[in-house]
Every structure is written in structure tokens, then in C-alpha cells.
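Trainee: I would like to learn how to read side-chain features from a model. Please take me through them one at a time.

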Amino acid sequence: QVQLVESGGGLVQPGGSLRLSCAASGNIFRIYAMGWYRQAPGKQRELVATITSGDITNYADSVKGRFTISRDNAKNTALQMNSLKPEDTAVYYCNAKLLVPGKIEDYWGQGTQVTVSS
């Protein structure tokens with residue numbers, strides 16, 4: 001199992017920046033990808049960005065060119081969010097995908113609120 005703890009959310013004005021961090025603990029050596037998802041009120045959870053153990057990244061079209069995902073070791077990932085828009089307001093969740101025999105397991109953090117408002 002893996003435990004994920006996010007930090008860095010908050011209130012920011014449109015055009016501002018925030019940096020989210022996620023620290024993993026537990027069976028981190030089975031993690032092959034980490035990522036960020038978000039869920040706005042009344043909407044489904046959606047992918048924001050992912051990064052694999054080989055540093056291959058993937059972004060939602062809505063955040064390309066504004067958000068950057070990074071990974072500094074097997075257990076920490078961060079999401080740098082620039083040029084924030086009101087529509088980026090959501091609860092952001094850290095995700096880790098573990099390879100175990102025969103399947104992939106998903107683990108989630110508790111979520112951190114990001115509010116973009118003037």
C-alpha cells in the first residue's frame with residue numbers, strides 16, 4: 001500500500017500561481033506513475049497531469065502550457081500551476097499507480113482545495 005499527502009492548495013487571484021506537492025510513503029518502489037486529478041463541484045473527477053517513472057508526462061488540454069508536473073524521486077511529485085483561471089477551481093487529488101502482480105492499483109490523497117477568484 002501507499003499513502004499520499006498533498007499540500008500547497010489555497011486561494012489565488014486569476015493569473016496567479018500555486019504549487020502543489022505530494023509525498024508518498026509505504027510501498028513506493030512499486031509506483032510506476034504519479035499524477036494529479038481534480039474535481040469541481042457538480043463535475044466528475046478529471047485528469048490534470050501525469051508523470052511516469054521514466055519522466056513521460058501527459059497533460060489535459062485545458063492546462064497545457066500553464067501547468068507543469070515534476071517528480072524528484074520515487075516518492076515526491078509536484079504540480080506548478082501558472083496563469084490560473086477561475087475554471088481551475090477544484091479539489092486537487094494526488095494519485096499513484098502501483099504495479100502489482102496481475103493488476104494496477106490506484107491510490108489517492110485526501111485532496112487539497114484550489115480556489116481561483118478575485
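This is a predicted model: local features need pLDDT of at least 70, side-chain atom pairs count only at pLDDT 80 or more; totals for chains, interfaces and linings use all residues.

Trainee: How is an aromatic pair described, and how many does the structure hold?

Mentor: A pair of aromatic rings is described by the distance of the centres and the angle of the planes. Rings of Phe, Tyr and Trp (its six-membered ring) pair if their centres lie within 6.5 Å; planes under 30 degrees apart count as stacked, over 60 as edge-to-face and the rest as tilted. The structure holds one such pair. Its members are Y37 and W108, with centres 5.1 Å apart and planes at 75 degrees, which is edge-to-face. The pair links distant parts of the chain, since Y37 is in strand 4 (residues 31-39) and W108 in strand 10 (residues 103-108), 71 residues apart. Strands (E, at least two residues) are DSSP runs, numbered from the N terminus.

Trainee: Is Y37 buried or exposed?

Mentor: Buried means under 20% relative accessible area, exposed over 50%, and partly exposed in between (1.4 Å probe, protein chains only). Y37 has 12% relative accessibility, so Y37 counts as buried. W108 is partly exposed because its relative accessible area is 36%.

Trainee: Which rings does the charged end of R45 sit over?

Mentor: A charge sits over a ring if NZ of Lys or CZ of Arg is within 6 Å of the ring centre and within 35 degrees of the ring normal. The charged end of R45 sits over the ring of Y93, 3.7 Å from its centre. The charged end of R45 also sits over the ring of W108, at 4.6 Å from the centre.

Trainee: What makes a salt bridge, and how many are there?

Mentor: Side chains of opposite charge can pair when their charged atoms come close. The rule asks for a side-chain nitrogen of Lys or Arg within 4 Å of a carboxyl oxygen of Asp or Glu. By this rule the count comes to six salt bridges. Among them is the one between R38 and E46, at 2.7 Å from N to O. R38 is buried, because its relative accessible area is 6%, whereas E46 at 36% counts as partly exposed. K64 and D61 meet at 3.1 Å, N to O, and both K64 and D61 are exposed. In the salt bridge of E105 with K103, the closest N and O atoms are 3.6 Å apart. Salt bridges that share partners also join R38, E46, R66 and D88 into one network.

Trainee: Which backbone nitrogens lie by the side chain of E6?

Mentor: A polar contact is a pair of N or O atoms within 3.5 Å; within protein, one must be able to donate a hydrogen and the other to accept it, and residues adjacent in sequence count only if both atoms are side-chain atoms. The side chain of E6 reaches the backbone nitrogen of C94 at 2.7 Å. The backbone nitrogen of G111 lies 2.8 Å from a polar atom of the E6 side chain.

Trainee: Which side chain does that of K97 make a polar contact with?

Mentor: The partner is the side chain of D106, at 2.6 Å. K97 is placed in strand 9 (residues 90-100) and is buried, with a relative accessible area of 19%.

Trainee: Where is F67, and what does F67 touch?

Mentor: F67 is in strand 7 (residues 67-71) and is buried, at 3% relative accessible area. Contact means heavy atoms within 4.5 Å. Not counting residues up to four places away in sequence, F67 touches several residues, including R38, V48, Y59 and L79.

Key: Residues are numbered from 1 along each chain as its sequence is written. Side-chain values use heavy atoms; hydrogens and water are left out. Helices (H or I, at least four residues) and strands (E, at least two) are DSSP runs, numbered from the N terminus.
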